[in-house]
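Work through the exercises below with the sequence and the model side by side, and try each task before reading its solution.

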Amino acid sequence: MSGGPESADWLQILLGHIFSKMTSENIFLFVPNIIGYSRIVLALISFYYMPTNYVVSCWCYIISGLLDAFDGHAARYFNQSTKFGAMLDQLTDRCGTMCLLVTLSYFYPRYMFLFQLSMTIDIACHWIYLHTSLLQGKTSHKFIDLAENPVMHLYYTSRPLLFFMCAGNEAFYAALYLLYFTEGPVVAGVGIFRVVCYISAPVAIVKAMISLLHGYVACKNLGIIDVKEREAQRLKTQ
């Protein structure tokens, strides 16, 4: 095949494509996002073994949860914080808790409605809160701000408190899961997993109430957006 103008143009296009790939950032290969992918793999392994092998399932679930902290540190250290990474983290967390609750519904059918209710509150309130927050950023209306409340302000700004609430919530469901298989080490005649379950139950209840509050406030703020948009529409048609 003889060289000519067409082959030279093709080579130039190819080299230009390779060069653009080399110079542009691929956020999907950022260190924290790679950690996020490993969290998903570990979570899937945990889901697979949940009904039968609590040892493998628990270790995979725990490691996946611990990596959630590491990817945040990696994002700050490498200056690789991305919206994709933040969304990946949130989806992994929500799906992990949801799948654990599905398993608990299978293990404890008498309490299936409560587990279904917990899943509904978690998914619905988080979704409408995030979606409304996005819409609020596009408008200049006066919204209800939970951070104005001193207690909720502490919840939003204190990392230790937020970690305690999230860890306590997960500990409650994890303890229920483990109790199906074993009581764990016995101290003073009581299994350690049962103790964890009792201690963390109030935290899980408070966490659900906060989620409901988030959902309620998000609905109110979404209503404010709707009212203002309808008023603006009426003014245009007059």
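Predicted model: local features only at pLDDT ≥ 70, side-chain atom pairs only at ≥ 80, totals over all residues.

A residue is called buried under 20% relative accessible area, exposed over 50%, and partly exposed in between, with a 1.4 Å probe and protein chains only. Residues are numbered from 1 along each chain as its sequence is written, and side-chain values use heavy atoms, with hydrogens and water left out.

**Exercise 1.** Decide whether Ser64 is buried or exposed, and state why.

*Solution.* Begin with the location: Ser64 lies in helix H3, where helices are DSSP runs (H or I) of at least four residues and strands are runs (E) of at least two, both numbered from the N terminus. Next, take the relative accessible area of Ser64, which is 5%, and therefore Ser64 is buried. Finally, look across to Gly36, which is 28 residues from Ser64 in sequence, while the C-alpha atoms of the two are 8.7 Å apart.

**Exercise 2.** Trace the salt bridges of Arg39 with Asp89 and with Asp93, and find which parts of the chain they link.

*Solution.* A salt bridge needs a side-chain nitrogen of Lys or Arg within 4 Å of a carboxyl oxygen of Asp or Glu. For Asp89 and Arg39, the closest N and O atoms are 3.2 Å apart. This pair links distant parts of the chain, since Asp89 belongs to helix H4 (residues 83-107) and Arg39 to helix H2, 50 residues apart. For Arg39 and Asp93, the N to O distance is 2.7 Å. Because Arg39 lies in helix H2 and Asp93 in helix H4, this second pair ties together parts that are 54 residues apart in sequence. As for burial, Arg39 has 3% relative accessibility and so counts as buried, whereas Asp93, at 24%, counts as partly exposed.

**Exercise 3.** Describe helix H7 by its length and its N-terminal cap.

*Solution.* Helix H7 covers residues 159-179, which is 21 residues, and reaches 29 Å from its first C-alpha to its last. That is close to the expected 30 Å, the expected span being 1.5 Å times one less than the number of residues. Among the buried residues of H7 are Met165, Phe172 and Leu176.

Definitions and conventions:
Polar contact = N/O pair within 3.5 Å; in protein donor to acceptor, adjacent residues only side chain to side chain.
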